[in-house]
Amino acid sequence: MQTFDPSIILYTPDALNARGKQALLAYPQAAQQEIKQHNRLPALEGNHYQIKSNALVLGRLKTLVCRESGRSSDFIAPSLANGCMGACAYCYVDRNKAVNPITLFTNTEEILRAVDKHVHQQAWPKVPNQTHARFYTYDIGCNSDVSVDASISDSVQTAVAFFREHPKAFATFATKFVNPELLTYDPQGKTRIRFSLLPKRVSKLVDVRTDSLEKRLAAIADFYQAGYEVHVNFSPVIVYKGWLDDYRELFEQLNQVVPPQLKQTMDCEVIFLTHNQGQHELNLAINPRAEELIWAPNIQETKQSQFGGINVRYQYQRKAVWIHEFRQLQQEVIPWCTIRYIF
Ligand code: SF4
């Protein structure tokens, strides 16, 4: 994984608990600047993408709310972090912010106490569903990439230990990075890692600054052996001439690398691409070749986002056909990899 090495750290005073101070010490060459609010940053040098690798923000998360999900998990845990070093052309975390450096919320224990309180308010035993038959599942990586966050502080290790011991709660996150440090966390089957996979030639264009498809595929067996439940996340699915041929190749690669025992438990989730008008305009200046793939008005339709921007998604009727084709291919090549949901 590319090393995260910020040249400036912005921090709110209330973020400087032991974890926050440790993060400051970890990057001694970085300039430090106190700020009043973690979500109101001063002007920073560099463009949107440079700031993602040059700046780190330390803050304290005050809104400790678990939100309903129902897809990747039962609930979305309060964020351990927000923002990412990666620069994927379609990333929804980036859409609604002018700049989006990694903001590490240092009050991990408070965040986990909120999860504990929340899960104890749920009926028990849980009614089994597609997210898990027994435990309530909490996505801990909806606004960041947890593998990157784990390289900055011990917050992810603390979270994995919390879920390992918890009698009712189970953690899950999707990732496009491979951080070997996570292999030492001993999750004992209580954390599910979902490796995001796109066909190689597409991934090279749109998954900017993430680890390669080969690295993600090669890591699957290691994470399984280290005690993680491992799933795959086919998202976003991008449609272009020949897309199904590329997915056939990807499925065949997956077939090769997944150990037979893991094939009995590995499921997948599938989400077709959504994009965004503002993001499209930004990308045109930085990554126009990616836009040729992901901005396709002749097969997309617009949708007002809940944050007021204009999102686009594939036209409903076309997508229904593609979902059918995707399912057929999955049944043919990787029938062991059950689709938990697809849309
Ligand atoms: S790795 Fe995930 S969070 Fe990071 S930029 Fe890519 S899609 Fe966004």
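Good morning. Please keep in mind that the structure before you is a predicted model.

With that definition, let me turn to helix α7, residues 213-225, and its neighbour α8. Their axes come within 10 Å and cross at roughly 30 degrees. Angles under 35 degrees count as roughly parallel, and α7 is therefore roughly parallel to α8. The crossing of these helices is right-handed. On the α7 side, the contact is made by Leu217, Ala218, Ile220 and Ala221, which meet Gln253, Leu254 and Val257 of α8. By class, this contact comprises six nonpolar residues, one polar residue and no charged residue.

Helix α8, residues 243-257, also packs with helix α12, residues 316-333; here the angle is about 30 degrees and the axes are 10 Å apart. That angle makes α8 roughly parallel to α12. This crossing, too, is right-handed. From α8, the residues Leu244, Tyr247, Arg248, Phe251, Glu252 and Asn255 meet Glu325, Leu329, Gln330 and Val333 of α12. Five nonpolar, two polar and three charged residues make up this contact.

The secondary structure comes to twelve helices and 16 strands. Along its principal axes, the C-alpha trace spans about 55 × 50 × 35 Å. Why may we speak of agreement with a compact globule? A compact globule of 343 residues would have a radius of gyration near 20 Å, and this chain has 20 Å.

Which residues lie around it? They are Cys84, Gly86, Ala87, Cys88, Cys91, Val93, Asp145, Lys176 and Thr210. This shell divides into five nonpolar, two polar and two charged residues.

Finally, I draw your attention to some details of the backbone. Trp124 and Pro125 are joined by a cis peptide bond, with omega about 0 degrees. Pro125 is located in the loop between α3 and β8. A cis peptide bond also runs from Ser235 to Pro236, where omega is near -5 degrees; Pro236 belongs to strand β11, residues 229-237. Gln188, although not a glycine, has a positive phi of about 50 degrees. This residue, Gln188, lies in the loop between β9 and β10.

Thank you for your attention.

Note on methods: Residues are numbered from 1 along each chain as its sequence is written. This is a predicted model: local features need pLDDT of at least 70, side-chain atom pairs count only at pLDDT 80 or more; totals for chains, interfaces and linings use all residues. A residue is near a molecule or strand if its C-beta atom, placed from the backbone, lies within 6 Å of it. Ala, Val, Leu, Ile, Met, Phe, Trp, Tyr, Cys and Pro count as nonpolar, Asp, Glu, Lys and Arg as charged, and the others, Gly among them, as polar. Axes are lines fitted to C-alpha atoms, for helices over the stretch in contact, and angles run from 0 to 180 degrees between N-to-C directions. Helices (H or I, at least four residues) and strands (E, at least two) are DSSP runs, numbered from the N terminus. Angles under 35 degrees count as roughly parallel, over 145 as roughly antiparallel, 65 to 115 as roughly perpendicular and the rest as oblique. A crossing is left-handed if the near helix is turned anticlockwise from the far one by less than a right angle, and right-handed if clockwise. Two residues are in contact if their C-beta atoms, placed from the backbone, lie within 7 Å. The radius of gyration is taken over C-alpha atoms; the globule rule is 2.2 Å times the number of residues to the power 0.38.
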